Amino acid sequence: MDDTAIGLWGVPLAILAGAIRVSTPFIFVSLGETITERSGRINLGLEGTLVFGAMTAYAVAVMSGSAWLGVLAAMASGALFGAVHGWICKWPKVNDIAIGIAMMQFGLGLAFFLGKSFIQPVAPHLPAIPFGFWSNLQPVQAALNINILFILGAALALVLWWAFRNTRIGLMLRVVGDSTDAARAMGIDPDRVRLLATAVGGSLAAIGGAYLSLYYPGSWNERISSGQGLMAVALVIFARWNPIGCFVAALLFGGAGALGPALQSVGVTQGYYLFYAAPYVLTLVIMIITSSPTRALSGAPGALSLTK
């Protein structure tokens with residue numbers, strides 16, 4: 001049976017495959033930012049962390065021959081970026097937004113500078129599991145060829161959703177995020193919790209960067225991110241700081257990003273490129289819908305402020 005037998009199922013299969021591929025970085029960045037914002041801090045520097053993580057993972061994978069060592073190195077670099085951000089923001093009258101933008105530019109610039117020599121070399125790729133082995137149709141096999149990091153991201157979303165509600169660490173994070181004074185009254189150091197939460201958030205964001213350089217698109221270049229780190233912040237707001245909501249929203253963003261390639265794959269030759277802007281349009285729409293000067297966002301941590 002040839003690929004044409006798939007018929008009209010080609011478009012939804014292409015969107016499914018694209019949603020899984022494109023959503024994986026969104027999953028890790030949004031889960032990382034959820035942890036950070038749950039502690040009462042916002043980190044807009046994750047775009048720089050994502051790109052620097054992609055460069056670090058690719059460079060280490062090239063030099064070591066191991067993609068998984070590249071992922072671990074990216075996690076370490078992301079944790080360092082997050083720790084620096086968290087340490088600076090603990091001081092009085094320091095603006096989270098300004099520091100985040102500065103860290104984003106620093107991460108981007110450092111990645112571009114250190115990564116110039118790794119644009120040409122080829123790094124080993126992360127493995128994928130062929131869940132479509134049962135079919136002899138190439139579109140089905142492609143759609144169900146799922147990278148391990150996507151599966152780990154789905155599992156992590158479930159673990160975080162449970163941990164926020166049922167563990168002491170989750171309770172501490174929520175208390176710090178809702179009220180600094182209440183946390184201090186309970187003997188919790190808010191600065192330390194936020195520092196650790198920002199470091200963990202940066203580490204997860206860097207995994208998203210490692211996925212970009214070591215699987216899809218699977219190379220290192222200076223335009224590898226396309227703003228995914230910043231879009232993930234909007235995704236967290238849309239998901240109301242719920243890890244499972246982040247996973248679902250990431251799939252939605254991934255599906256929007258897959259519209260253009262899916263239409264092109266079935267022979268649409270005019271106008272398909274307009275759908276490449278779908279994720280950015282979706283981000284704008286979400287920010288407009290969720291922004292209101294008269295009411296607070298449901299689920300927002302009480303200590304989270306864009307102006308402090």
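Okay, let's start with E37: leaving aside its neighbours within four places in sequence, E37 is in contact with I42, V233, V236, W241, P301 and L304, where contact means heavy atoms within 4.5 Å. Before I go on, a word on what we're looking at. This is a predicted model, where local features need pLDDT of at least 70 and side-chain atom pairs count only at pLDDT 80 or more, while totals for chains, interfaces and linings use all residues. Residues are numbered from 1 along each chain as its sequence is written, and side-chain values use heavy atoms, with hydrogens and water left out.

Back to E37, which sits in helix 1, residues 10–38. Helices here are DSSP runs of H or I, at least four residues, strands are runs of E, at least two, and both are numbered from the N terminus. So what about the charge on that side chain? E37 is buried yet has no salt bridge, and the nearest side chain of opposite charge, R38, is 8.7 Å away. For the cut-offs: buried is under 20% relative accessible area, exposed is over 50%, and partly exposed is in between, with a 1.4 Å probe and protein chains only. A salt bridge needs a side-chain nitrogen of Lys or Arg within 4 Å of a carboxyl oxygen of Asp or Glu. As for charge, Lys and Arg count as positive, Asp and Glu as negative, and His and the chain ends are not counted.

One of the E37 contacts is W241, so let's go there. W241 is in the loop between helix 10 and helix 11, and at 2% relative accessibility it counts as buried. Its phi is positive, about 60°, although W241 is not a glycine. In general, most residues other than glycine have a negative phi, and most peptide bonds are trans.

A239 is in that loop too, between helix 10 (228–238) and helix 11 (243–265). A239 is buried, with a relative accessible area of 10%. Not counting residues up to four places away in sequence, A239 touches G245 and C246. Its C-alpha is 9.3 Å from that of S30, 209 residues apart along the chain.

C246 itself is buried at 0% relative accessibility, and C89 is buried at 7%. How many disulfides are there? The count comes to 0, a disulfide being a pair of cysteine sulfur atoms within 2.5 Å.

Now the loop between helix 9 (190–214) and helix 10, which holds P217. The peptide bond from Y216 to P217 is cis, with omega near 5°. S226 is in the loop between helix 9 and helix 10 as well. S226 has a positive phi of about 60° without being a glycine, and at 41% relative accessibility S226 counts as partly exposed.

On to the record. The unreviewed UniProt entry lists several transmembrane regions, including 193–212 and 232–259; positions are in the numbering used here, feature names are shortened, and annotations may be inferred rather than shown by experiment. Residues 193–212 are 100% helix and 0% strand, with end C-alpha atoms 29 Å apart. For residues 232–259, the end C-alpha atoms lie 19 Å apart, and the span is 86% helix and 0% strand.

Last stop, helix 2. Is helix 2 enclosed or open? 15 of its 19 residues are buried, so helix 2 is largely enclosed by the rest of the structure. At 1.5 Å a residue, helix 2 (residues 46–64) should span 27 Å, and its end C-alpha atoms are 26 Å apart, which agrees; the expected span is 1.5 Å times one less than the number of residues. After helix 2 comes G65, with a positive phi near 80°.
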